[in-house]
Amino acid sequence: MYIKKIEQLLNEENIKGKKGFISFDLAGISFHVASKDIVGGVLQEWFENWMLSKKIVFSKPSNAQDWPDFYLGDGQHLEIKAFNYDASPAFDIGNFDAYTRSLLEHPQRLDSDHLIFGYRSSNKTVEIVDFWVKKVWEMTGVSPTNCLELQVKQNVPVNIRPKNWRSKTPKIFNSRRDFVVALAEALNKFHPQRYPAQNINWLDSVEKAYFQATNTPL
């Protein structure tokens with residue numbers, strides 16, 4: 001599998017502990033960027049160029065905003081995420097509405113791999129401290145208030161968020177189905193009439209679509 005090869009090559013590269021700079025040059029003014037806001041996007045571009053240097057076969061969606069970030073040569077989908085290693089992971093896994101809609105048509109999205117970089121940014125340097133490869137249910141988990149970890153604004157779920165899987169008791173989901181059941185519970189909590197109004201049982205529909213797409217039970 002390509003993702004196993006990527007993990008192997010990153011470890012052979014001794015990527016953990018490697019440091020770099022983010023630079024900008026315009027109109028004769030060149031400097032190292034101190035802002036942390038762009039680190040995630042820069043790391044994704046770096047990773048794309050790294051794959052090219054390692055001759056890893058991949059392609060990208062025609063629309064850069066579409067899922068996934070990369071189609072690997074073996075057909076697997078790969079998403080790139082990054083977070084400040086000295087804080088809890090707080091990146092967006094996906095927009096709640098878009099993600100729940102997409103599972104009705106693309107349930108295999110549940111099997112996408114996520115390559116997650118934990119970085120430390122200080123003194124205008126960016127250091128890769130660690131990295132992980134996880135499925136979506138391996139980095140999400142139960143929330144006592146919102147069914148699963150969500151960014152909620154004015155009682156509307158906006159984005160799906162990760163749990164801190166590095167903590168001693170992260171309460172991560174045990175399976176793909178547990179994650180989908182929590183999504184169904186969140187839909188019932190925040191949007192109880194959305195799918196009943198369309199005569200759709202969302203959970204049953206995702207289960208059936210996943211089996212049709214993969215020949216494997218959810």
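**The sheet and its neighbours**

Modeller: Begin at one end of the sheet. Strands β1 and β9 (residues 125–134) run antiparallel and are joined by 2 bridges. Here G20 sits opposite V126 in β9. Keep in mind that this is a predicted model.

Now step back to the whole sheet. It has 6 strands and is open. Read across, the order is β1-β9-β8-β6-β5-β4. The pairing is mixed. Strands β1 (19–20) and β4 (58–59) are the edges, and each pairs on one side only.

Next, move to β6 (77–84). Strand β6 pairs with β8 (113–122) through 7 bridges, and these two run parallel.

Follow the chain between β5 and β6. The two strands form a hairpin, with 4 residues between them. In the turn, look for G75, which has a positive phi of about 90°.

How much of β6 is buried? The answer is 7 of its 8 residues, so to speak a strand that is mostly covered.

Helix α1 (residues 2–12) lies across β5, β6, β8 and β9. Its direction runs at about 145° to β9. Helix α2 (residues 39–53) also packs on the sheet. Helix α2 touches β4, β5, β6, β8 and β9. The direction of α2 makes about 120° with that of β8.

Last, turn to a helix pair. Two packed helices are described by the angle between their axes and the distance between the axes. For α4 (residues 176–190) and α5 (residues 202–214), the angle is about 150° and the axes are 9 Å apart. That angle makes α4 roughly antiparallel to α5. The crossing of α4 past α5 is right-handed.

Which residues meet there? From α4 come R176, R177, V180, V181, L183, A184 and L187. From α5 come W202, L203, V206, E207 and Y210. Sorted by class, this contact has 9 nonpolar residues, 3 charged residues and no polar ones.

How values were computed
Residues numbered from 1 in each chain as written. Predicted model: local features only at pLDDT ≥ 70, side-chain atom pairs only at ≥ 80, totals over all residues. Heavy atoms only, no water. Axes fitted to C-alpha atoms, helices over the stretch in contact; angles between N-to-C directions. Parallel < 35°, antiparallel > 145°, perpendicular 65-115°, else oblique. Left-handed = near helix turned anticlockwise from the far one by under 90°. Contact = heavy atoms within 4.5 Å. Nonpolar A, V, L, I, M, F, W, Y, C, P; charged D, E, K, R; others polar. Pairing = 2+ DSSP bridges. Buried < 20%, exposed > 50% of the residue type's maximum accessible area, 1.4 Å probe, protein only.
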